[in-house]
Amino acid sequence: MSFQGKIEIAELLPRRFAGGIAEGAQLRTPCGLRRIEVVRPGDLIVTRRGLQPVQMVWKRRITREQIETFPTLAPIRLKPRAIGPMMPQRDLLVAPDHRLLIPGFRLAGVEDSHLVLTEARKLAGSSDAIYADTTVESVTYFQLVFETHQVLTANGLPVESFLPDAAAIEALGGEQREALEERFPGLVARGEGQQPAAFPIASEVDYLPFYN
């Protein structure tokens, strides 16, 4: 008798948290632009709700081997002007499940004046300027946790901070979950998480490419 089961190599599986902005992205602060990898808890970041202090910074690295084994881990690359003028201002890499704030005029069936949060992977392949980059040797993602869900800019493109909703909390590694519970007592136990920023979250979108 033989038995076949799924074999997972633990070291190939990344530490999990939802989303992530790749190393090198520049964020707006009161003192000018700052690369995300040098942001620390307590630093003020310019958001749609004004200046907000960072509560936690999480980090994980995805290797070439992991991407080859799990292609869905490949970062989404947005070339300059992929979404619109100055959005982004320079190449931006984000995790496939990181949500971006997209203006309604870029989405079919959405009013021009509306803004919608959607995962980067939903836009991948919609134009030559947005695609899953499987050629990277490795990518280091950073995720920012604020007191509440925020929208900030990375390389000029509006993106979200970590949203600890029920699904995101469930996916967290033990270390991040413990840190979240310590910083926000009862959040994990309640199982409901925080409410998203004041923008609708779209699971499916029909993106209308921006042509330079």
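**Getting oriented**

Author: Among contacts in the chain (heavy atoms within 4.5 Å) between residues at least 6 apart in sequence, 64% join residues at least 24 apart. This is a predicted model: local features need pLDDT of at least 70, side-chain atom pairs count only at pLDDT 80 or more, and totals for chains, interfaces and linings use all residues. Residues are numbered from 1 along each chain as its sequence is written, and side-chain values use heavy atoms, with hydrogens and water left out.

Reader: How many helices and strands does the chain have?
Author: Five helices and 14 strands. Both are DSSP runs numbered from the N terminus: helices are H or I with at least four residues, strands are E with at least two.

Reader: What percentage of the residues is buried?
Author: Buried residues make up 49% of the 212 in the chain. Buried means under 20% relative accessible area, exposed over 50%, and partly exposed in between, using a 1.4 Å probe and protein chains only.

Reader: Which residues touch the most other members in the largest nonpolar core?
Author: Leu78, Ile83 and Leu100, out of 32 residues in that core. Elements that each supply at least two of its residues include β7 (76-78), β9 (99-103) and β12 (138-145). A nonpolar core here is a set of buried Ala, Val, Leu, Ile, Met, Phe, Trp, Tyr and Cys residues joined through side-chain atoms within 4.5 Å.

Reader: And what does Leu78 touch?
Author: Leaving out residues up to four places away in sequence, its contacts include Ile83, Val94, Leu100, Ile130 and Leu157.

Reader: Switching topic: where is Arg49 found?
Author: Arg49 is in the loop between β4 (44-47) and β5 (50-53). It is partly exposed, because its relative accessible area is 43%.

Reader: What does the side chain of Arg49 reach?
Author: It reaches the backbone oxygen of His149 at 3.3 Å. A polar contact of 3.4 Å also joins the side chains of Arg49 and Thr148. Such a contact is a pair of N or O atoms within 3.5 Å; within protein, one must be able to donate a hydrogen and the other to accept it, and residues adjacent in sequence count only if both atoms are side-chain atoms.

Reader: How many residues apart along the chain are Arg49 and Val151?
Author: They are 102 residues apart, with their C-alpha atoms separated by 7.9 Å.
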